[in-house]
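Please look at the sequence and structure below. The report that follows covers domains, interfaces, helix packing and the nonpolar core.

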Amino acid sequence: MPRIASIDLTSSNIEIQETPVELVHRWLGGRGLGAAILSERVGREIDPLAPENCMIFSTGPFNGTTWPAASRFHVTFKSPATQAYGYANAGGHFGPELRRAGYDALVITGQAPSPVFLRVTNEEICILPAGDLWGQPTSLVEDRLRQEAGGRVAAIGPAGENLVTFAAIINDGGRAAARSGPGAVMGSKRLKAIQVIAGNAKFPMNPEFARLAKGMSQRVIRFPESQGLMNESTLFLMAIKNRVGDLPAKNHQLGQVPFIQNLDSKGFSKYVVDRRGCAVCSLRCARESAVPEGEYAAQIEGPEYETTDSFGPMCWNSNPQVVIRANELCNDYGLDTISTGVTIAFAMECHQRGLLNDAEFSLEWGDPATILGLTEKIGQREGLGELLAEGTLRAARRIGGGAEDLAMQVKGLEIPRQEPRIAKSFGLGHATSNRGADHLYGLPGIDLAGNWEAAQKIFPAEILPVLMDTADESYKADVVVYGENFCAIIDSLGLCKFTTAETYCILPADLAEGLQMLGWSIDEVGLFTIGERIVNLERLYNQRHGLDRKDDHLPARFTREPLPVFAYTPGPVDGSLVESGEPIMTGQIHNFDAMLDRYYKLRGWDDRGIPTLPTLERLGLEKYHNDHG
Amino acid sequence: MITVKVSYYNILATCVGVKHESVLLPENITILTLIQGLAERLPGTFQEIALVNEAPSPHLRVFHNRRLVKPEDFELSLADGDEIMMFPAIAGG
């Protein structure tokens with residue numbers, strides 16, 4: 001039977017119990033399970049970096065099986081970035097290993113008196129000294145622990161030890177549970193790493209489930225929308241986003257760059273040395289890239305689209321080698337590449353506007369020494385890095401002079417790499433996400449992807465022509481609400497969104513069928529009720545911490561400054577692009593409040609964004625009504 | 001001659017200048033020929049999104065009578081009264 005282990009690092013007490021069946025039936029696993037446990041155990045009085053904060057490493061019912069892309073584990077905690085709800089998840093092999101070792105969740109509290117790591121096996125959990133690993137990069141920690149005992153490792157680097165608010169957990173050679181600061185919480189507990197060793201343990205599956213999973217896997221490979229990811233990785237997005245103005249540049253002052261040919265999948269292809277994939281995934285969308293020598297010598301899994309935009313266009317850097325090296329530094333220090341790149345871009349715009357100077361770095365747009373140097377300084381919390389390690393919002397408040405308008409964040413978390421004036425569903429989703437700005441909270445891209453085929457299965461036919469118009473704001477809330485509920489299900493089952501909410505290859509009904517074959521009594525409607533319940537519980541957690549409508553807002557740039565979009569044509573010299581003299585269109589949010597009003601109405605929340613009692617009763621959450629934690 | 005209703009979405013509509021138009025076309029024209037003709041008329045952003053080496057780009061999503069046109073279906077002939085929808089296909093991140 002799957003178990004939940006409670007580990008108190010202060011007392012070294014470890015308790016392991018069978019997972020209550022009613023708990024997973026109510027919350028599925030993964031993200032839902034994490035939300036349920038955090039809500040019960042971490043109130044508003046607890047500081048995110050206090051020993052009383054919990055870290056819940058959780059798996060979902062598909063982890064450990066052969067269901068395609070069931071590779072992701074989840075970690076839930078009170079966030080040092082948002083000071084409220086936080087979570088992150090990552091692919092690779094760690095999640096399935098944890099599930100095969102027999103755990104639905106590791107619930108970690110307390111603070112070890114000196115650095116430790118956890119060794120988790122099917123038989124026992126040991127708290128072991130990690131003094132010699134403290135201060136070491138994540139790659140070295142993983143290598144050393146795997147050489148000693150095998151298995152899979154998730155570790156923090158110096159950034160987590162130094163409590164950088166956007167520190168990440170790195171597993172499996174460069175996979176990152178990065179968003180909203182889990183590395184800092186782990187560092188505050190003096191927990192350097194978790195090593196899971198499942199050995200040859202297999203997760204029991206019946207033949208019908210195995211057949212269905214195999215069929216799904218084949219469907220994923222053949223699916224048209226999978227081809228870009230399979231053939232080019234997420235970098236296939238760079239060129240097309242640049243074309244339409246959805247490639248944030250210069251801290252969102254622009255949405256395009258003239259040097260895209262350096263940074264698209266073709267530009268990076270000369271550095272690709274291998275193709276990689278997560279456990280049980282037929283997409284194998286990752287690339288291993290290497291700069292073999294020179295001042296930017298590095299080898300990483302990646303870079304992905306989000307990292308490339310963060311350290312490329314956002315910082316006005318046209319050199320792919322700098323992106324690869326910055327990615328390697330983030331992995332070794334244990335930093336979120338999105339927040340790190342966006343924070344450096346913020347510093348550069350502060351400098352552009354005369355608000356910030358530094359004795360060590362020029363802070364000029366595109367300067368490789370600034371980009372790579374600040375990445376290290378942030379990880380070390382030294383020099384200007386001490387300020388920037390707090391993230392853009394808190395740094396802006398200390399800088400003053402209007403810097404807060406230049407902080408591209410929501411709820412204290414830096415915005416991922418979509419342009420809200422072009423991809424308006426994503427813009428609304430960044431604002432409403434309960435873990436701060438986040439493209440994966442709802443992945444509301446059905447309009448941006450032109451996925452009419454999926455949309456007509458979800459939304460009423462009469463609204464489709466308007467809903468699928470990315471510029472029309474009337475039904476963006478509908479796209480976000482559906483996406484958020486679907487993503488809560490996906491995160492709770494332990495799945496990757498590239499086979500589900502990104503492409504709509506595997507649909508909710510398929511997930512319900514898979515669960516039925518694992519013995520669950522659930523259908524698509526039941527799944528969506530759980531998804532909605534999870535989003536509402538996360539909202540209630542934030543409500544407990546004083547968050548409401550005022551926190552569901554985008555930076556002023558997106559509602560005040562129109563974004564010009566230009567046509568680019570190949571120029572006469574070396575294929576570099578020439579910008580059209582006049583913009584061909586303008587990206588603009590016309591009435592953000594109207595989108596938010598509709599979002600609240602569809603959710604059954606009041607006009608402050610607070611779930612109403614009837615909504616809570618419908619979802620079985622009425623005990624949280626007026627809960628102030 | 002046949003009449004086909006063509007709907008353009010998002011930046012493609014910006015390029016064409018209208019969201020919908022009825023287009024008069026020769027009989028037996030294929031979906032691919034329609035797209036190639038539009039691309040020839042609209043060099044720059046439309047052409048770059050629609051075609052790669054004269055073939056449909058992976059970043060163009062086309063629906064014929066509200067059904068997705070798969071790569072092998074671009075040679076299908078259009079009929080009078082048909083509806084074509086064209087989207088740029090961009091994923092999230």
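## Domain and chain contacts

In chain A, 37 residues of domain 1 are in contact with 26 residues of domain 3. Two residues count as in contact if their C-beta atoms, placed from the backbone, lie within 7 Å. This is a predicted model, in which local features need pLDDT of at least 70, side-chain atom pairs count only at pLDDT 80 or more, and totals for chains, interfaces and linings use all residues. Residues are numbered from 1 along each chain as its sequence is written, while chains are lettered from A and ligands numbered from 1 in the order in which they are written.

On the domain 1 side of chain A, at least two residues each come from α2 (30–41), β4 (73–78) and β5 (85–90). Helices (H or I, at least four residues) and strands (E, at least two) are DSSP runs, numbered from the N terminus. The largest share of that side, seven residues, belongs to α2(A). The C-alpha centres of domain 1 and domain 3 of chain A are 26 Å apart.

The bounds below come from an automatic or database domain assignment.

| Domain of chain A | Residues |
|---|---|
| domain 1 | 3–197 |
| domain 2 | 230–407 |
| domain 3 | 424–554 + 589–624 |

Chain B also meets chain A: 22 residues of chain B are in contact with 32 residues of chain A. On the chain B side, α1 (11–16), α3 (45–50), β5 (60–64) and β7 (83–88) of chain B give two or more residues each. That side has twelve nonpolar, seven polar and three charged residues. Here Ala, Val, Leu, Ile, Met, Phe, Trp, Tyr, Cys and Pro count as nonpolar, Asp, Glu, Lys and Arg as charged, and the others, Gly among them, as polar.

## Helix packing

In chain A, α22 (508–517) and α23 (524–544) pack at about 100 degrees, with axes 8 Å apart. They are therefore roughly perpendicular (65 to 115 degrees). From α22(A), the contact uses A:Pro508, A:Ala509, A:Leu511 and A:Ala512; from α23(A), A:Glu524, A:Leu527 and A:Phe528.

## Nonpolar core

Which residues have the most contacts inside the largest nonpolar core? They are A:Val75, A:Val107 and A:Ala193, in a core of 229 residues. Such a core is a set of buried Ala, Val, Leu, Ile, Met, Phe, Trp, Tyr and Cys residues joined through C-beta atoms within 7 Å. Buried means that 20 or more other C-beta atoms lie within 10 Å of the residue's own. Helix α21 (476–493) of chain A supplies the largest share of this core, eleven residues. Not counting residues up to four places away in sequence, A:Val75 touches residues including A:Met55, A:Tyr87 and A:Ile169.

Methods
Axes fitted to C-alpha atoms, helices over the stretch in contact; angles between N-to-C directions. Parallel < 35°, antiparallel > 145°, perpendicular 65-115°, else oblique. Buried ≥ 20, exposed ≤ 12 C-beta atoms within 10 Å, placed from the backbone.
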